[in-house]
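Please read the points below with the model open beside you, and check each one as you go. They begin with the ligand and then turn to the strands and helices.

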Amino acid sequence: MRKQIAAANWKMNLSVSEAEILLDQLLASEHNLSANQEAIFAVPAIYIPLATQKLAGKNNVYVAAQNCHPKANGAYTGEISAPMFASVGVKHIVLGHSERREYFNESDAFLAEKTNAVLAIGSTPIFCCGEPLEIREAGTQNSFVEAQLKNSLFHLTADQITKVVIAYEPIWAIGTGKTASSEQAQEIHAYIRSVFATKYGQAIADQISILYGGSVKAANAKEIFSQPDVDGGLVGGASLIASEFAAIINALK
Ligand code: PEP
């Protein structure tokens, strides 16, 4: 059974004291994770030790990084590598968020390198894909997303691809308050799974968790997560409010 995941993406938000308060509120809130469910917190890198310490001992709860450099070490001032994150207990790294693709010019080829780096140390890439508004309006979102996946992931073996979590995030729905309808989410999630099935076979594709991201909140999470090919969400804005994110965790299948 593939994992159902609620992943928080705090982005570049919160002071350390605000981060501490949010983690304490989350710890105090009611959320129940069953064996196939996970809650993942992609916090700013500087807060990883704090979050790891606060969430220690919580079953199926993980602290993640929001990005990494593909090289293990070297003269890359300001960067942090996948092995460095692993050394402080991080097991998941978000890759290819549309904000990084847009503001930091991250290419599919560069993301392929990062994916290799994360898998090489036994961690899980949370690989983001998704189309901008003009592509959605042109109706070519399937081929756009397919190209992102092929260019960055299709060199992986079947065993490796089952270790990748996909986050489909239509750019027009990120931070805009506009959410893809549950039908739109299901349609493209099913397409993404079919892309992996064609390359790796249905049994492998069925093991891959595909998260939806784009203005997920407590009020819409259950409806979106109820779709058969939606395996949870990657959540930005609503993950900064403890009661919202706790409700989103509880909306997992
Ligand atoms: C995100 O940052 O990945 C995201 C989906 O943001 P939001 O939930 O705010 O749309």
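1. A polar contact is a pair of N or O atoms within 3.5 Å. With that cut-off in mind, and remembering that this is a predicted model, look at S215, where a polar backbone atom lies 2.8 Å from an oxygen atom of the ligand.

2. Side chains take part as well: an N or O atom in the side chain of K11 is 2.7 Å from a ligand oxygen atom, and a polar side-chain atom of E169 is also placed 2.7 Å from an oxygen atom of the ligand. How much of the ligand does the protein bury? Taken alone, the ligand exposes 290 Å², and the protein buries 96% of that area.

3. Turning to the fold, eight strands close into a barrel in the order 1-2-3-4-5-6-7-8, with parallel pairing, and the twist from one strand to the next averages 25°. As an example, strand 6 (residues 165-168) pairs with strand 7 (residues 210-213) in the parallel sense over three bridges, and Y168 has Y212 in strand 7 as its bridge partner.

4. Helices pack on this sheet too: helix 5 (residues 108-120) touches strand 4 (92-95) and strand 5 (124-129), and its direction makes about 160° with that of strand 5. Helix 7 (residues 141-153), in turn, lies across strand 5 and strand 6, running at about 145° to strand 5.

Conventions:
Residues numbered from 1 in each chain as written. Predicted model: local features only at pLDDT ≥ 70, side-chain atom pairs only at ≥ 80, totals over all residues. Heavy atoms only, no water. Polar contact = N/O pair within 3.5 Å; in protein donor to acceptor, adjacent residues only side chain to side chain. Areas by Shrake-Rupley, 256 points an atom, 1.4 Å probe, with all protein chains shown as cover. Pairing = 2+ DSSP bridges. Helix = DSSP H or I, 4+ residues; strand = E, 2+ residues; numbered from the N terminus. Axes fitted to C-alpha atoms, helices over the stretch in contact; angles between N-to-C directions. Contact = heavy atoms within 4.5 Å.
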